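Please examine the following protein with attention to its strand pairing and its division into domains.

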Amino acid sequence: MPIITIHRGTHTIGGSCIEIASGGHRIILDLGLPLMGRDGTEIGEKALKVRSRENGILPNVPGLYHDQEPKVAAVLLTHAHMDHHGLLDHVHPKIPIYLSKGSHKLIEIGNVFYPEKTHIANTRHFEHWSPFQVGPFTITSYLVDHSAFDASAFLIECEGKKVFYTGDLRAHGRKEIVFENLIDRHFPKLDCLIMEGTTLGGEHTGCKNEREVEKQLKKVFKLQTDISFVFTSGSNIDRLVSLYKASQQCGKTLVIDLYTAYVLDQLKKNLPSLPPHKKDKVRVYYMRGHAKRLADNDLVKTLYYFKSRKIELDEIINTRVDMVVKLPIWNGMERIAAAANKESPLQEAQLIYSMWGGYLKKKSDVKDFCSTYGINMQRIHTSGHAYLDDLKRLAQALNPSVLIPVHTLAGDSFSDHFPNVVRLDDGIAHELK
Ligand SMILES: [Zn+2]
């Protein structure tokens with residue numbers, strides 16, 4: 001019978017790595033960079049740079065890595081967030097990595113712009129909802145609603161057993177319909193559900209869904225009497241769409257950086273409805289660091305491609321009341337704020353913090369920026385992960401014989417909310433009966 005081993009994720013969020021073995025064949029689901037140690041304590045950035053099995057950053061999976069004889073049939077990626085894909089470049093090049101086209105594109109874009117690179121070679125794209133075969137495993141990817149673009153959950157069938165792995169998902173983003181479709185799909189009886197529980201045990205602050213985020217942003221932009229700065233991730237496509245819609249509906253100019261412009265342009269090939277569109281008010285602010293990275297990666301023509309949307313510092317300052325600026329802090333917002341502040345104080349300006357709250361606690365750059373210029377900060381955000389009630393609906397619909405909690409700090413409380421919970425420890429094999 002199939003054997004499931006959670007190499008990392010039974011007691012932590014991030015660094016996911018799951019193995020399913022059947023008759024000597026093995027597949028790995030996700031291979032992420034950990035966000036925290038096994039005891040929930042933070043791992044320093046320095047410690048994360050040394051990646052070995054000895055220090056535990058690489059999960060101890062035999063036959064997976066460069067320096068081992070390859071004994072894994074495939075690695076499957078649910079989505080392009082670092083805590084799920086960040087260690088893929090350690091996989092032996094003979095082992096194929098299956099991922100969606102959108103995930104692959106996001107990883108490649110990250111390799112252009114970020115110092116942290118994940119070079120993957122032996123890749124194969126799957127289509128959502130189309131089963132494919134890896135050894136004895138029949139695998140089907142289901143598109144899920146998550147803060148990462150083109151994210152998957154997997155149904156894995158082998159030896160007559162059915163295992164469903166949620167990856168990261170939610171029911172309150174812009175693709176909430178795919179969550180409802182999953183619930184309405186009436187899967188044949190599942191033997192095992194490996195389910196994320198990121199939001200369990202945490203505080204529920206922020207907007208209830210992405211539509212509410214858009215509404216709140218609109219409210220702010222409509223009433224703004226000076227420039228608005230927005231701090232958010234350039235790879236959270238749902239959020240960029242909310243920001244785009246809110247700014248355009250209020251007649252504001254949305255200023256984005258080259259990275260964000262490039263992300264949207266690349267993903268547009270998969271999803272043409274993504275912004276920007278002709279005759280809208282989206283402009284691109286060129287930062288030297290981004291331009292250099294494009295040039296270093298043989299993408300100089302991209303600099304010309306966005307030229308018609310290019311905006312200079314002076315224009316931003318001169319029409320600041322009409323500007324919504326989504327840029328990194330250093331060299332981006334900071335440069336604009338310093339120049340604007342010289343003209344007149346920024347006390348009417350605002351910064352919208354539109355990201356996971358943990359970052360605010362970890363790094364002080366956003367707070368420092370606001371206090372330096374006397375800028376008011378407000379938070380408008382919704383989680384990338386499902387709430388308990390939605391997870392309950394999912395578990396009820398999928399009705400598994402065994403439910404294994406992962407990607408959670410509250411795994412021990414799962415049995416208070418769901419039936420058939422089996423609590424595993426990292427690295428301990430569990431045979432499906
Ligand atoms: Zn994620």
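In this predicted model, strands E2 and E3 run antiparallel and are joined by five bridges, E3 covering residues 25-29. The two strands form a hairpin with two residues between them, and in this hairpin Gly23 adopts a positive phi near 50 degrees. Within the pairing, Glu19 stands opposite Ile28 in E3.

Strand E2 also has a partner in strand E1, which spans residues 3-8; E1 and E2 pair in the antiparallel sense, again over five bridges. Here Thr5 stands opposite Glu19 in E2.

At the level of the whole protein, the domain assignment gives two parts: domain 1, made up of 3-203 + 384-431, and domain 2, made up of 210-379. How far apart do the C-alpha centres of domain 1 and domain 2 lie? The separation of these centres is 31 Å. The contact between the domains draws 13 residues from domain 1 and 17 residues from domain 2. On the side of domain 1 that touches domain 2, the residues divide into five nonpolar, four polar and four charged.

Definitions and conventions:
Residues numbered from 1 in each chain as written. Predicted model: local features only at pLDDT ≥ 70, side-chain atom pairs only at ≥ 80, totals over all residues. Domains from an automatic or database assignment. Contact = placed C-beta atoms within 7 Å. Nonpolar A, V, L, I, M, F, W, Y, C, P; charged D, E, K, R; others polar. Pairing = 2+ DSSP bridges. Helix = DSSP H or I, 4+ residues; strand = E, 2+ residues; numbered from the N terminus.
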